[in-house]
Amino acid sequence: TPMYMAPEQAAGRVDEIEKTTDIFGLGALLFSILTGYAPHEKSQESLSSTNKVTELLQLIVSSPPPKARPLNPDAAPELEAICCKAMANKRYARYVTAIELAEEVQNWMAGERVNTYTEPWRKRVWRWMGTHRRISQLAGVLLTVAIVTAMTQGVTSHQNRMAERRARFEG
């Protein structure tokens, strides 16, 4: 249906239909799961002319694919990134195989890094700490010891200076 069409299908470029067209379709299905809408469903609602199908096909060819999070703010940004890559307008920008797309979804499901999504540094640190528990616990203990040592030395140094001043003042 036009609601799930890749741009090359909508343009009628039959010679360009290949496995990346199927990747677009898989991305469109994932988009539907995330949002409850077909990728081009909201675009169709905005069309006003009597020849909606032709307008919709032109819109599919000329517009970037929709993003999932405006329709569902609770959608994981990693899954939105997977959808965007799978539904890229340019065939060469999509996943090469369905297996590559499936591996990205499986990585997300396993709580692992998704290659398509650039994680914020905090999330990367938490992920690293989760996979390297012993090292991060040791680092936490060492950091705590270092902070306590620095504070103790600072307080001791301050007390020594105050004692010297008092001694000078009294002496």
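Author: In this predicted model, the side chains of R13 and E16 meet in a salt bridge, at 2.8 Å from N to O. R13 is partly exposed, with a relative accessible area of 32%.

Reader: How many salt bridges does a search of the whole structure find?

Author: The search finds five salt bridges.

Reader: Which side chain does R94 meet in a salt bridge?

Author: R94 meets the side chain of E8, with 2.8 Å from N to O. This pair links distant parts of the chain: R94 lies in the loop between α5 and α6, E8 lies in helix α1 (residues 7-10), and 86 residues separate them.

Reader: Does one read R94 as buried or exposed, and why?

Author: The reading rests on relative accessibility, with buried meaning under 20%. R94 has 3% relative accessibility and therefore counts as buried. E8 stands at 1%, so E8 counts as buried as well.

Reader: Which residue forms a salt bridge with K123?

Author: The side chain of K123 meets that of E78, at 2.5 Å from N to O. Here too the pair links distant parts of the chain, with K123 in helix α7 (residues 121-131) and E78 in helix α5, 45 residues apart. K123 counts as partly exposed because its relative accessibility is 33%, whereas E78, at 5%, counts as buried.

Reader: How many residues of α5 are buried?

Author: Seven of the 10 residues of α5 are buried, so this helix is largely enclosed by the rest of the structure. The buried residues are E78, L79, E80, A81, I82, C83 and A86.

Reader: What do the buried residues of α5 pack against?

Author: They pack against α2, α6 and α7.

Reader: How is the packing of two helices described?

Author: Two packed helices are described by the angle between their axes and by the distance between those axes. For helix α5 (residues 77-86) and α6, the axes come within 10 Å and cross at roughly 175 degrees. An angle over 145 degrees counts as roughly antiparallel, and α5 and α6 are therefore roughly antiparallel to each other.

Reader: Which residues of α5 and α6 meet?

Author: On the α5 side, E78, L79, I82, K85 and A86 take part, and they meet E100, L101, E104, V105 and W108 of α6. The residues of this contact divide into six nonpolar, no polar and four charged.

Reader: At what angle do the axes of α2 and α6 cross?

Author: The axes of helix α2 (residues 19-35) and helix α6 (residues 98-109) cross at roughly 25 degrees and come within 10 Å. Because angles under 35 degrees count as roughly parallel, α2 is roughly parallel to α6. The crossing in which α2 passes α6 is right-handed.

Notes:
Residues numbered from 1 in each chain as written. Predicted model: local features only at pLDDT ≥ 70, side-chain atom pairs only at ≥ 80, totals over all residues. Heavy atoms only, no water. Axes fitted to C-alpha atoms, helices over the stretch in contact; angles between N-to-C directions. Helix = DSSP H or I, 4+ residues; strand = E, 2+ residues; numbered from the N terminus. Parallel < 35°, antiparallel > 145°, perpendicular 65-115°, else oblique. Left-handed = near helix turned anticlockwise from the far one by under 90°. Contact = heavy atoms within 4.5 Å. Nonpolar A, V, L, I, M, F, W, Y, C, P; charged D, E, K, R; others polar. Salt bridge = Lys/Arg side-chain N within 4 Å of Asp/Glu carboxyl O. Buried < 20%, exposed > 50% of the residue type's maximum accessible area, 1.4 Å probe, protein only.
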